[in-house]
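Reader: Please examine the structure shown below and discuss how its chains meet.

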Amino acid sequence: MRRVSKWLGALGALVLFSSGCATVRPAEREYLADPIMSFERDPRAPERELHWLEAREGATGGTGGAGGGCACN
Amino acid sequence: MQLNRTAERGLASLWIGVVSLAILAGPALAQGEEQERETHYLFHYFADSDHVHVFSHYGQGEVRMREADRLFVQWNHERVVIPGISAPAGSPEAVNAITTASRPIASGRKQYDPYADYTKVRNEARADYQLPHGRFGYYVSREEDYFAQLVRGSWDRDFLERNVNLALGTSYGWDRIDPVADDDTPGGAGEKTTLHGNAVLTGTLGPKAQARLGFEWNRVRGLQHNPYRNVYAAGTRVPERHPSERGRYDLFLRLNRYFENQSAVKLQYIYYSDDWGVRAQTLGAQLAQRVASSATVEYRYRYYRQDRARFYRAEYALLDGIDGYRTGDYRLGDFSAHLFGGHADLKVGAWLPGVRWLAPLALGLSYERYFNTNNFSANVLETGLEFGF
């Protein structure tokens with residue numbers, strides 16, 4: 001039951017996400033292209049953070065990529 | 001072990017070859033186009049309330065190869081200093097600290113003496129090759145008792161007039177653990193593999209807003225407990241034992257919104273679940289503000305909360321723990337954590353326009369404060385220097 005509700009939640013998030021998307025023309029993307037709007041100011045920063053956070057917390061992820069090693073410091 | 005060292009030497013040679021190729025072939029491959037290279041140096045310092053200190057030196061290089069292809073290489077040298085036990089030798093506090101220690105302890109060997117600082121060195125190298133619609137890469141990390149390797153690849157594609165991007169990624173990591181001398185644990189080598197997959201959807205919500213939705217999946221197999229740690233069970237001390245399989249899943253949503261005063265607010269939510277019974281939720285908020293054409297600052301807050309694993313207990317009444325498993329790892333207990341931080345970026349050249357060689361130089365400085373309900377706290381400091389040419 002818990003597994004079904006998890007997948008339903010994921011599907012719901014996907015539907016909400018899709019319905020919320022808008023068409024923005026290239027000429028209107030000045031603000032979206034501003035570096036302060038990027039999801040990561042440094043593409044490698046999430047991996048560095050995950051490296052020390054994984055050694056302190058039981059969860060992982062949230063970055064869309066995988067780290068490696070034992071993350072033991 | 002011999003095979004491991006041979007493989008390591010081979011990989012080191014491969015690594016040197018890739019870096020040399022990047023440096024030598026970069027200009028030739030980018031012939032006829034503007035050369036574009038960047039080098040970064042980052043110093044990362046971590047200190048926590050247990051007096052553990054971590055010093056990391058990152059060297060990074062990025063070269064444009066041809067058209068939109070880029071090669072990224074990184075090397076990291078890290079030194080971890082774990083303090084010796086400060087309680088008087090033979091006291092109950094010292095015995096308890098030795099029993100539950102997550103570091104090697106061997107009284108007869110100076111570097112593993114329980115009352116002296118233990119220093120551990122880790123060297124890491126990685127290379128990623130970026131294509132117009134994907135990337136692939138390799139990672140290797142070496143410690144005294146740990147050897148890790150990972151290969152990864154990803155693909156992405158734009159849809160709906162570039163308003164939606166779908167990215168799919170995967171990686172496979174294989175680790176070898178060779179515990180060094182330890183007085184009170186049986187040791188024994190082990191292996192661990194991690195298979196990872198992710199799907200990330202990024203979309204525009206309007207001219208000033210965008211969102212990202214992602215799902216990640218990990219299947220971990222092999223040795224997953226600390227080979228140096230004992231736990232108290234049925235009044236005696238026995239080695240920690242975790243299940244050898246773990247399925248880990250997370251779903252995340254991120255929202256970015258731009259404001260007219262040249263600032264952006266970024267929100268993040270992550271739901272995590274695994275088949276050991278750990279459930280966690282993370283909420284994050286960031287404010288990025290451009291304070292001058294050449295300077296930006298970012299403020300950040302993150303809240304984290306998790307439930308305990310099914311087999312986690314503060315004390316075990318039975319020698320076999322819960323279903324045969326027992327742990328002394330507080331990461332598998334329930335707790336919450338807060339993180340506050342700030343980051344500043346400065347383009348040095350804009351402040352000193354008369355000095356041409358400083359034009360491509362950028363400086364970064366971050367400070368973060370982390371604390372949780374286990375009376376643990378940490379300070380994280382990062383300084384970076386970037387030079388493009």
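Predicted model: local features only at pLDDT ≥ 70, side-chain atom pairs only at ≥ 80, totals over all residues.

Reader: How much area do chain A and chain B bury between them?

Author: The contact takes 52 residues from chain A and 90 residues from chain B. Of the area buried between the two chains, 55% lies on carbon and sulfur atoms. The buried total is about 5,800 Å².

Reader: Which element gives the largest share of the side of chain A that touches chain B?

Author: By class, this side has 21 nonpolar, 15 polar and 16 charged residues. The elements that give two or more residues to it are α1 (2–20) and α2 of chain A. The largest share, nine residues, comes from α1(A).

Reader: Which residue of chain A forms a salt bridge with B:Arg152?

Author: Across the interface, ten salt bridges are found, and 31 residue pairs are in polar contact. In the salt bridge of B:Arg152, the closest N and O atoms are 2.7 Å apart. The partner is A:Glu47.

Reader: Which element contributes the largest share of the largest nonpolar core?

Author: This core has 23 residues, and those with the most contacts inside it include A:Trp52, B:Phe46 and B:Tyr370. Leaving aside neighbours within four places in sequence, B:Tyr370 is in contact with residues including A:Trp52, A:Leu53 and B:Phe335. Two or more core residues come from each of α2 (45–53) of chain A and β16 (335–347) and β18 (377–388) of chain B. The largest share, three residues, comes from β16(B).

Reader: How many residues does the second, separate core have?

Author: Among its members are A:Val24, A:Met37, B:Tyr258 and B:Ala288. The number of residues in this second core is seven.

Key: Residues numbered from 1 in each chain as written. Chains lettered and ligands numbered in written order. Heavy atoms only, no water. Core = buried A, V, L, I, M, F, W, Y, C linked by side-chain atoms within 4.5 Å. Buried < 20%, exposed > 50% of the residue type's maximum accessible area, 1.4 Å probe, protein only. Helix = DSSP H or I, 4+ residues; strand = E, 2+ residues; numbered from the N terminus. Contact = heavy atoms within 4.5 Å. Buried area = accessible area lost by both parts, 1.4 Å probe. Salt bridge = Lys/Arg side-chain N within 4 Å of Asp/Glu carboxyl O. Polar contact = N/O pair within 3.5 Å; in protein donor to acceptor, adjacent residues only side chain to side chain. Nonpolar A, V, L, I, M, F, W, Y, C, P; charged D, E, K, R; others polar.
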